[in-house]
Amino acid sequence: MSERRPPAPQSTRPRVAMLVTHIRAEEKLLREALVVAGLTCDVLLDRELRLDLLADAGQAAPNGRPWREYEAILIRTVSQSRGLLAALVLEGWGLRVINRYETAAICADKARTTLTLARAGIPQPAVRLAFTPAAGLSALDELSYPAVLKPVVGSWGRLLARVRDAEEAEAILEHRQTLGGYAQQVVYAQEYIEKPGRDIRAFVIGERPICAIYRASEHWVTNTARGGRASNCPLTPELVSLCERAAAAVGGGLLALDVLEAPDGRLLLNEINHTMEFRNSSAPTGVDIAAAVAEYVREAVLPVRARAE
Amino acid sequence: MLAVQEAVLCPMCDATQEISADAMLNELIACGDCGGELEIVSLQPLRLELAPPCEEDWGE
Ligand SMILES: [Zn+2]
């Protein structure tokens, strides 16, 4: 990745902010990498934000510094709704937000992701959207069982359910109708892909994949947060092309793309994550993902004349 | 930076926590004894609180 350069004098270092819910391994790695890339990085907490919606970027961030002094704000909140609203406000003030609001908003909503990718002709599992348990059950009949029920917002594999038949589906849909919030009452039903005991996660910077891992798991939800094991996945021309097209479709940025291998060998785009978790992915791939992110941020904030050097 | 010798206890189970020298404010750590998720809410003096529970919209 990028070569380490001697740190710039403090005064000339571009200042960026990283908005977080709390500090995890990723945020720690990113902060170090941003400093190595020659930037000054302030950490801001989403819980401390007080945004005057009728004023501009001259107002103070929680640390007292005017927002307009930040060349960029990297959104790393685990709270997707806080991250999205903050991005919307900050971008509205003319600040550079990474990822951009529109990209994050598409990725945070599975229905919007599906629609956006479909318009770009990206292969995906079949999906039905419905708003009541009855309509959801009809949609599942069309998809045939087994199928997967997903919440339209949220990730980490929470509330994902594989349903084997109508009886199971009805129990889950009725339960969510009664107990779940509004977002859980929207039925997003997806074709179940019989995958080879693993799925692929590709890391994209801008519109280019820099590395990918296989996540192996006995459980059908292969999420490293749930104990899936990671190993290097080669960037084949087919995978690279799929990732480039999918990333471009959502506007590009710092993205983790979840890809499924169908039994017929086709690659299907499953989900796009806009606040990527990568702590376990640099070791198997040999790619310093935090450094690549920092370089992307550095290039975004450098004045045009300095970029040529 | 921060000295490791400062003893700090898990607010859940009172087990002594080893905090690394490069710990950051608002960093999440897991208690090795009870597995509870803790947040470093102060570095000097070192203070831990139970991390906020996972919410419906949390994710990547
Ligand atoms: Zn404990």
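In this predicted model, the axes of helix α3 (residues 101-108) and helix α4 (residues 110-119), both of chain A, come within 5 Å and cross at roughly 105°. Helices here are DSSP runs of H or I with at least four residues, strands are E runs of at least two, and both are numbered from the N terminus. The axes are lines fitted to C-alpha atoms, for helices over the stretch in contact, with angles from 0 to 180 degrees between N-to-C directions. α3(A) and α4(A) are therefore roughly perpendicular to each other, a label that covers 65 to 115 degrees, while under 35 counts as roughly parallel, over 145 as roughly antiparallel and the rest as oblique.

So who touches whom? On the α3(A) side it's E102(A), A105(A), I106(A), C107(A) and A108(A), and they meet K110(A), R112(A), T113(A) and T116(A) in α4(A); contact means heavy atoms within 4.5 Å.

Next comes the sheet. Chain A has an open one built from 4 strands in the order β2-β1-β3-β4, with parallel pairing; two strands pair if DSSP finds at least two bridges between them. β2 (40-45) and β4 (97-98) of chain A sit at the edges with a single partner strand each, so one side of each has no neighbour in the sheet. Strand β1 (residues 15-20) of chain A runs parallel to β2(A), joined by 6 bridges, and M18(A) stands opposite V43(A) in β2(A).

Residues are numbered from 1 along each chain as its sequence is written, and chains are lettered from A and ligands numbered from 1 in the order in which they are written. Local features need pLDDT of at least 70, side-chain atom pairs count only at pLDDT 80 or more, totals for chains, interfaces and linings use all residues, and side-chain values use heavy atoms, leaving out hydrogens and water.
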